[in-house]
Amino acid sequence: MLSTTLSYGLSGIDGIQITVEVNVSNGLPAFEIVGLPDAAVKESRERIRAAVKNCGYPFPDDRITVNLAPADIRKEGPAFDLPIAVAILACQKRVNPNSICMRAILGELALDGSVRPVRGVLPMAISAHDHGITDMILPKGNEKEVMCISGVNFYPVENLTDVVKLLSGEKPIAPVETIEFSRMIQSREHAFDFRYVKGQRSAKRALEIAAAGGHNVLMVGPPGSGKTLMARCVPSILPDMSFDEALVATRIHSVAGSMPENGLLTERPFRSPHHTASHVSLVGGGVHAVPGEISKAHNGVLFLDELPEYRRDVLEALRQPMEDGFVTITRVSAQSTYPSEFMLICSMNPCPCGHYGSKTHECRCTPNDIRKYLSRISGPLLDRIDMHIEVESIPAERLSDEQESEPSKDIHARVENARAIQRKRYAALPSLACNARLSAQTLQRFCPMDKDAREMLNLATQSMGLSNRAFTRIIKVARTISDLEGKSKITSEHIAEALQYRAIDDKYWH
Amino acid sequence: MEYEIKEQYRIWLASVRGMTPRKYKLLMETLEDAQAIWDNPDSAKDLIDEKTFQQLKKARAQEAFIRLFYTLDKSGITALSSSHADYPESLLDLFDPPPVLYVRGSIEILKEEKMLAVVGTRTPTFDGKKTASEFVKAISEEDVVIVSGLARGIDTIAHESCIQSGGRTIAVLGSGLNSMYPPENAELCENIIQTGGAVVSEMPPDEGPQKWSFPARNRIIAALSKGVLIIEGKKTSGAMITAANALDLSRDIYAIPGSIYARLSEGPNHLIQNGAFPALSPWDILEAERWGVRPGEKQDAKKKISLNENETVIVNLLEIQPLSFDEISKQTQFSSSTLNSLLTMLVLRGIIIKTPGNSYRII
């Protein structure tokens, strides 16, 4: 007796359809799973046997062969427990075989027959939707993940008996109700708000520009000057995610097994890996090639606090994904490509003791110490950071007399406007999402300057000794500044302001 | 360099490990001749401690003797014993003059009349750096030799500024001439020699820097010069040791006054309180030493710079004191974007300068 059903596996952040075929035939009792199963899939034999028996169904004393097709793709994880169990029951006519052959089933079984949630349900559901599947059975614990997908009936189940009763029509289950994306975006309430950052006018202005143009930022300042706090405030001023952006971000988190409570990432992710982070945890990889921090920060912020403390090879590994916007991880068992378009915010002290240039403390470092400290960050990495800003230390007595500053809400509105202008301008070029991604060719085309601006730039190049890279960076940032003002041409004021954001290039660092 | 026989023995004696200026002085005063000690080292036994005596006996070998002079020759170093005619007389004012002065570069310069020591902290403030460079430039233009210690900070600036304005300078090291400290100043050291200056030390060429050797060399800086200018330094700094030495030698002491709250002006302010001459301009020193005559007041020395209304506001603020971006923004109420571009314009025009810590000051 043969029965088939459908299920889903993962390849990168895409779901792949797997056909689960079960054949029960006469012979010595045996239970074989074929089709490149990994250890977790092979172990499912024991879970299935126990679960089926504990739910009160007899387990066939025959030769059972399970095939997971296509047979040449490696199958991982426990998500195939439920489809195999259901297909075995179908072979015994406990379940109508015709009712399952066009349904997709996902779920891990507990020994008592209850169904446990699995990771990566969202990308699987999206693929199912694309493949024209209309019904999908999934663990109740995963139901929130699929709430935003319409066109597929998702049946959340709690145990194996539920599934049998659902398929026989004995006890129907209501499909998951879909929720409109706009309703999922909560009111913009953030734990970290620029309202609470006192002073730091120049740094705040710089972060506004960075958010508006998607520029990478390096903040340099003494300890306790508020670098970390300000970085945490950045998500509150970033533009809202579109449904597609939210979906991609959620897919990555779904694959990584770090799903948010409400099922969909509606806020831009903010990832701040510790500086002891390994290459694999940052870029992705491991035995199963899971996404790393840079992918989890996709469409959001990757914050590296104390940049020089990170291992050099780890930092260098960031360069290629930053350029490409995706990272491809190759392992023996799999090759996965994960998107990694993030805004990089890093912070560092100006010197080992942290007080170089501070008004409140004395710096104890020799010029040599400072040079050594700064050289821990490679030039190529610095070249990928458009804005270097200096954060000044604020003496305690000045903190108290600062009035409350502008709330994130207002800054956010300006950032949204600037991004809207950019989207319109780059509409024809899908790979160009924001000013930070301008290349040398597109720079010429999209950054017209007036005569004064050109003269100012030339003057600056001569007197400040700007490198070519710094030159392009300044134009990009100036473009964003003019977008914030709603101007189509870059003027000399914009260039002048952009020239402020190159602290590391300044002579006194060398 | 050819040395007289007697001179050779003096240089050898001084190079013995543990031979301090005092022990050397005692030996020379009692036994009169270094050669006599070579011939009969036991005569020194009762005059110096056991350890040094053992070292002396160890060094009394043909091989060590030849090696010493070979090293001097190879490194282009001239050794001058305190009895040599070229030995700077001013050093003999010291209670414990260096037995031998090792010199690279010009020897004649050591005999110069007009010498001013410029000393200060290793971590100067912006004002300190500016003062050092302005004073040294003006003073060295009057053909005054600038003496300093080749340390980081003020010392380095003093040497560099002197070379820049075409003057000659002497660096007194706290280590042997072949073991540069701090290492990053090796290039500056060569520059000093090439521009007609000299680098000197009382330590044998290969001896490394010691904790005590820096305060010790300060006495040489003070003794060589007619006057000592202290630019910045805390109360307990090496610059203050130099000043104390200068006082013992009745050299003139000049100090740059600073704010009573500035920690690095503690030293100079303290000196002024105790009678040092407050130097408000290089001409104060030049006139006091009769090295030059103050030029007549120039009419409107500052260039007239045309500033617009907003720029004037900022420049007026910064003329009082350096301020950070936040402070300027708070006092002027300019928006961050306006202020950013105003400041850049002023920087590009060379009116103000950006300094570490996101702050700005008038040049």
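Which side chains meet in a salt bridge at 2.6 Å, N to O? They are those of Arg251(A) and Asp14(A); a salt bridge is a side-chain nitrogen of Lys or Arg within 4 Å of a carboxyl oxygen of Asp or Glu.

This is a predicted model, in which local features need pLDDT of at least 70, side-chain atom pairs count only at pLDDT 80 or more, and totals for chains, interfaces and linings use all residues. Residues are numbered from 1 along each chain as its sequence is written, chains are lettered from A and ligands numbered from 1 in the order in which they are written, and side-chain values use heavy atoms, with hydrogens and water left out.

**The domains of chain A**

The domain assignment of chain A gives domain 1 (2-168) and domain 2 (194-258 + 279-509); such bounds come from an automatic or database domain assignment. The centres of these two domains, taken over C-alpha atoms, are separated by 45 Å. Between domain 1 of chain A and domain 2 of chain A the count is one salt bridge. On the side of domain 1 of chain A that touches domain 2 of chain A, helix 4 (residues 121-130) of chain A gives the most, with four residues. Helices (H or I, at least four residues) and strands (E, at least two) are DSSP runs, numbered from the N terminus.

**Two interfaces**

The size of an interface is often given as the accessible area lost when the parts come together. Here, buried area is the accessible area (1.4 Å probe) that two parts lose on being put together, summed over both. Contact means heavy atoms within 4.5 Å. A polar contact is a pair of N or O atoms within 3.5 Å; within protein, one must be able to donate a hydrogen and the other to accept it, and residues adjacent in sequence count only if both atoms are side-chain atoms.

| Parts | Residues in contact | Buried area | Polar contacts (both residues at pLDDT 80 or more) |
|---|---|---|---|
| Chain A and chain B | 32 residues of chain A, 28 residues of chain B | about 2700 Å², 50% on carbon and sulfur atoms | 15 residue pairs |
| Domain 1 of chain A and domain 2 of chain A | 15 residues of domain 1, 17 residues of domain 2 | about 1300 Å², 64% on carbon and sulfur atoms | seven residue pairs |

Arg201(A), Glu392(A) and Gln500(A) supply 24% of the area that chain A buries against chain B, more than any other three residues. Across the interface of chain A and chain B, the rule finds zero salt bridges. Helix 19 of chain A gives the most to the side of chain A that touches chain B, with five residues.

**Helix 7 of chain B**

The domain assignment of chain B gives domain 1 (1-74), domain 2 (108-288) and domain 3 (309-362). Helix 7 (residues 154-164) of chain B is largely enclosed by the rest of the structure, because eight of its eleven residues are buried. Buried means under 20% relative accessible area, exposed over 50%, and partly exposed in between (1.4 Å probe, protein chains only). Among the buried residues of helix 7 of chain B are Ile154(B), His159(B) and Cys162(B). Their cover includes strand 3 (115-119) and helix 6 (126-140) of chain B. Just after helix 7 of chain B, Gly166(B) takes a positive phi of about 80°.

**A buried serine in chain A**

Ser393(A) is found in the loop between strand 18 (387-390) and helix 16 (396-400) of chain A. Ser393(A) is buried, with a relative accessible area of 16%. Not counting residues up to four places away in sequence, Ser393(A) touches Pro222(A), Ser225(A), Ser358(A), Lys359(A) and Thr360(A).
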